[in-house]
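Let's take a walk through this structure together.

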Amino acid sequence: MKRIVISMRSQLYGDGITQELQRTGDFHPYHVAANPAEQVVTECCAVGADILLMDVTPSIKETTMEGRLQLIDRLRKELPDCKTAILCDAVSHPEQAREVMRAKQAGLIDAFFYTSVSLEYLTAALDAI
């Protein structure tokens with residue numbers, strides 16, 4: 001069973017993902033606040049996370065792509081085997097979506113998803129990481 005930490009700014013969206021992951025029986029999801037970054041890293045280490053799933057948003061420094069990459073850098077020092085995946089809204093924030101895509105191309109993150117994907121697809125893709 002994969003341990004996945006979900007760090008979403010939107011409580012509603014994070015809860016939906018958490019419930020879907022629990023429903024499959026293949027994941028043990030932990031929903032944590034999107035910030036502060038130190039708390040996210042601490043929670044990942046405490047549960048021995050296999051995957052950290054985060055969203056990016058342009059409005060809060062810690063949840064911008066730059067802020068999330070700083071968090072990932074700290075996490076990789078503490079928990080090097082933890083995979084990272086980013087959710088982004090390609091419709092509302094197309095430039096930010098391009099940043100996320102470039103981060104994947106550069107090997108800075110392990111996976112990315114657009115918020116428009118279905119929960120079923122997201123679950124299957126996370127299981128494949």
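Start with Thr63, and set aside its neighbours within four places in sequence: Thr63 is then in contact with Arg9, Ala34, Asp55, Val56, Thr57 and Arg68. You'll find Thr63 in the loop between strand E3 (51-55) and H3. Is Thr63 buried or exposed? With a relative accessible area of 0%, Thr63 is buried. Bear in mind as you look around that this is a predicted model.

Two of those partners, Val56 and Thr57, lead us on. Both also turn up in the contacts of Gln96, which touches Val56, Thr57, Pro58, Thr64 and Met65 once its neighbours within four places in sequence are left aside. Gln96 has its place in helix H4 (residues 94-105). At 9% relative accessibility, Gln96 falls under the 20% cut-off, so it counts as buried. For a sense of scale, look from Gln96 across to Gln22: they are 74 residues apart in sequence and 29 Å apart in space, going from C-alpha to C-alpha.

Now for the helices. Two packed helices are described by the angle between their axes and the distance between the axes. Take helix H2 (residues 37-47) and helix H3 (residues 65-78): their axes are 10 Å apart, and the helices pack at an angle of about 30°. An angle under 35 degrees counts as roughly parallel, so that is how H2 runs relative to H3. The crossing of H2 and H3 is right-handed. Which residues make the contact? From H2 come Ala37, Glu38, Val40, Val41, Cys44 and Cys45, while H3 brings Leu71, Arg74, Leu75 and Glu78. Sorted by class, the contact of H2 with H3 has seven nonpolar and three charged residues, with no polar ones.

Another helix pair is worth a look. Helix H1 (residues 11-24) and helix H5 (residues 119-128) cross at roughly 60°, and their axes come within 10 Å. The crossing of H1 and H5 is right-handed. On the H1 side the contact is made by Gly16, Ile17, Glu20, Leu21 and Thr24, and on the H5 side by Leu119, Glu120, Leu122, Thr123 and Leu126. Here the classes come out as five nonpolar, three polar and two charged residues.

Let's zoom in on Glu20, which sits in helix H1. Not counting residues up to four places away in sequence, Glu20 touches Leu119, Glu120 and Thr123. Its relative accessible area is 10%, so Glu20 is buried.

Last stop: the aromatic rings. How many aromatic pairs does a search of the whole structure find? The search finds two. A pair of aromatic rings is described by the distance of the centres and the angle of the planes. For Phe112 and Tyr114, the ring centres are 5.6 Å apart and the planes stand at 70°, so the pair is edge-to-face. Phe112 is partly exposed at a relative accessible area of 24%, and Tyr114 is partly exposed too, at 30%.

The other pair is Phe113 with Tyr121. Their ring centres lie 6.5 Å apart with the planes at 75°, which is over 60 degrees and therefore edge-to-face. Phe113 is buried, with a relative accessible area of 6%, whereas Tyr121 counts as partly exposed at 47% relative accessibility.

Key
Residues numbered from 1 in each chain as written. Predicted model: local features only at pLDDT ≥ 70, side-chain atom pairs only at ≥ 80, totals over all residues. Heavy atoms only, no water. Axes fitted to C-alpha atoms, helices over the stretch in contact; angles between N-to-C directions. Helix = DSSP H or I, 4+ residues; strand = E, 2+ residues; numbered from the N terminus. Parallel < 35°, antiparallel > 145°, perpendicular 65-115°, else oblique. Left-handed = near helix turned anticlockwise from the far one by under 90°. Contact = heavy atoms within 4.5 Å. Nonpolar A, V, L, I, M, F, W, Y, C, P; charged D, E, K, R; others polar. Phe/Tyr/Trp six-rings, centres within 6.5 Å; stacked < 30°, edge-to-face > 60°. Buried < 20%, exposed > 50% of the residue type's maximum accessible area, 1.4 Å probe, protein only.
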